[in-house]
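Subject: Structure handover

Hi,

Here is the structure I promised to pass on. Could you open it next to this email and follow along?

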Amino acid sequence: MDKELVIVLDFGGQYNQLVARRVRECNVYCEIYSYRTDIEKLKSMKPKGIILTGGPNSCYEADSPTYQRELFELGIPILGLCYGAQLMMHVLGGKVEKAPVREYGKTEVLTDSASPLFTGVSENTICWMSHFDYISKPAPGFQVVAHTADCPVAAAQNLESQLFAIQFHPEVLHTQEGTKMLYNFVRNICGCAGTWRMDSFVEQSIQEIREKVGDGKVLCALSGGVDSSVAAVMLSKAIGNQLTCVFVDHGLLRKNEGDEVEAVFGPDGPYELNFIRVNAQERYYNKLAGVSEPEQKRKIIGEEFIRVFEEEAKKIGAVDFLVQGTIYPDVVESGLGGESAVIKSHHNVGGLPDCVDFKEIIEPLRNLFKDEVRKAGLEMGIPENLVFRQPFPGPGLGIRIIGEVTADKVRIVQDADAIYREEIANAGLDKTIGQYFAALTNMRSVGVMGDERTYDYAVALRAVNTVDFMTAESAEIPFEVLQRVMSRIINEVRGVNRVFYDLTSKPPGTIEFE
Ligand code: XMP
């Protein structure tokens with residue numbers, strides 16, 4: 001694809017993906033690469049600009065991540081953020097040292113509006129600072145264009161060399177005018193026209209898929225989640241019923257979810273494709289009987305998925321392409337882009353390739369962030385309720401039922417969860433909370449209902465707000481909403497006599513229960 005590219009050079013900062021997302025919000029395409037990337041490779045990509053991210057190190061220490069001076073002499077505009085800013089100064093002859101006062105949090109910054117970085121930005125603006133080190137002396141040729149009470153060089157520039165350094169984090173939402181600063185850099189300073197748009201991406205991708213697939217056969221494992229749904233629709237628009245989607249109902253989906261997926265992708269839905277629904281509920285429950293160890297449950301669910309899929313794939317015979325709903329954060333987190341540690345091997349369709357006879361993988365969403373996947377979905381006319389679906393783990397309710405999974409426990413958690421979701425939506429909170437669901441604790445306790453003693457299960461309600469799912473805070477839900485949910489669950493769901501609300505943050509908790 002012929003596109004304007006900005007490179008985000010990753011020095012291990014926790015906000016690297018956020019930097020890239022913000023740049024894309026300015027309609028400029030960017031990709032994340034590790035700071036270890038060879039300069040020749042960087043040059044060959046012909047970037048319009050380069051952004052150096054933050055990172056946890058001190059740039060003056062011997063084994064800290066660095067980059068050769070030549071980078072700053074390429075004539076390509078470069079913006080250094082936090083560690084990236086310090087590194088730029090250090091390499092070019094400025095001075096970076098431990099700050100006498102550590103700045104952390106929202107900080108008032110005074111900017112020089114004559115700097116092209118700060119066009120349209122208030123002279124007095126709130127920014128997010130997080131640093132131990134500071135630039136005590138800018139490199140020769142640099143002019144200071146922002147400062148705070150404790151930080152004499154909050155931003156510096158060398159206009160002639162098109163080099164810019166910002167000590168704070170414009171990518172973080174707490175920096176109130178941060179997006180404007182990044183916009184100024186990529187659109188005005190780098191001169192990107194802003195050609196990265198979802199409508200043209202979708203159109204172009206469909207065209208490319210058509211050319212690549214020719215009259216080949218394509219197979220897709222459809223989970224009903226956002227990524228695989230958007231990928232499937234894109235493929236269906238490109239090649240119609242040369243595409244076969246296999247949807248495995250493992251009996252661990254949310255209430256009515258299997259039917260909802262079938263309504264969209266099945267023969268009565270709007271899309272042209274071959275849809276195969278495998279009702280494997282009993283098979284899963286049999287395999288899971290008597291198993292209570294979380295990792296073992298996950299393993300069984302994952303392996304069984306592969307077995308079921310394999311059987312279906314055998315019936316279909318050899319295919320030319322297999323579709324995967326990999327998205328950009330999967331690529332970055334698998335250590336393939338950027339500098340982030342391998343957090344998880346991406347689990348979209350883990351292990352699938354081995355069991356299917358195919359020639360090549362198609363990953364139409366490989367370069368997109370989640371919000372871009374959603375935009376692409378809307379662009380193609382996928383219903384909003386599907387596009388904005390909450391994340392749902394591959395092992396499904398299997399990891400929201402503590403201990404052994406049984407059909408009856410699945411019924412309890414499905415019904416409780418459906419009530420919870422309905423009441424959250426009724427209260428108008430469904431778009432504001434990151435992720436929320438009901439889980440079934442393995443605890444039974446004594447209660448009284450009518451005049452009867454009960455000995456039933458406790459349901460736990462979970463709701464978290466999170467930016468990246470790596471950390472999360474429990475969401476504040478009005479007490480009357482929680483009470484309504486509690487009362488409905490106890491009245492309507494047989495087998496439950498107690499409801500808890502989980503207040504645990506992540507860390508130390510996780511979002512799911514197992
Ligand atoms: P945890 O529980 O690790 O969850 O705090 C973080 C996010 O990841 C989702 N999650 C999974 N998604 N397969 C998935 O596709 C899994 O095995 C899995 N485990 C957790 C979880 O729903 C949350 O959004």
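Two strands count as paired if DSSP finds at least two bridges between them; the strands (E, at least two residues) and helices (H or I, at least four) are themselves DSSP runs, numbered from the N terminus. The model is predicted, with local features needing pLDDT of at least 70 and side-chain atom pairs counting only at pLDDT 80 or more, while totals for chains, interfaces and linings use all residues. Residues are numbered from 1 along each chain as its sequence is written, and side-chain values use heavy atoms, with hydrogens and water left out.

Strands E8 and E9 form a hairpin with four residues between them, and Gln 162 in the turn has a positive phi of about 60°. E8 (residues 155-158) pairs with E9 in the antiparallel sense over four bridges, Gln 157 being the bridge partner of Phe 164. E4 (residues 78-81) also pairs with E9, here in the parallel sense and over four bridges; Ile 78 has Leu 163 as its partner. Both faces of E9 (residues 163-166) are covered: Leu 163 and Ala 165 on one side, Phe 164 and Ile 166 on the other, are all buried (under 20% relative accessible area, 1.4 Å probe, protein chains only).

Ile 78 turns up again in the contacts of Leu 71 (heavy atoms within 4.5 Å). Leaving aside residues up to four places away in sequence, Leu 71 touches Leu 9, Ile 39, Leu 42, Ile 50, Leu 52 and Ile 78. In the largest nonpolar core, which has 126 residues, Leu 71 is one of those that touch the most other members, along with Leu 9, Phe 265 and Ile 489. Such a core is a set of buried Ala, Val, Leu, Ile, Met, Phe, Trp, Tyr and Cys residues joined through side-chain atoms within 4.5 Å.

Next, E5 and E6. They run antiparallel and are joined by 12 bridges, with Thr 107 partnered by Cys 127 in E6. E5 is also joined to E7 (residues 143-147), again antiparallel, by two bridges, and Thr 111 stands opposite Ala 146 there.

What lies nearest the centre of the second largest pocket? Gly 55, Pro 56, Cys 82, Ser 130 and His 131 do, out of 22 lining residues. E6 gives the largest share of that lining, four residues.

Happy to talk it through!

Best wishes

Notes: On a 1 Å grid over the protein atoms alone, a cavity is a set of points where a 1.4 Å probe fits but cannot get out, and a pocket is an open set with protein on both sides within 12 Å along at least five of seven lines; lining residues have an atom within 4 Å of a point. Buried means under 20% relative accessible area, exposed over 50%, partly exposed in between (1.4 Å probe, protein chains only).
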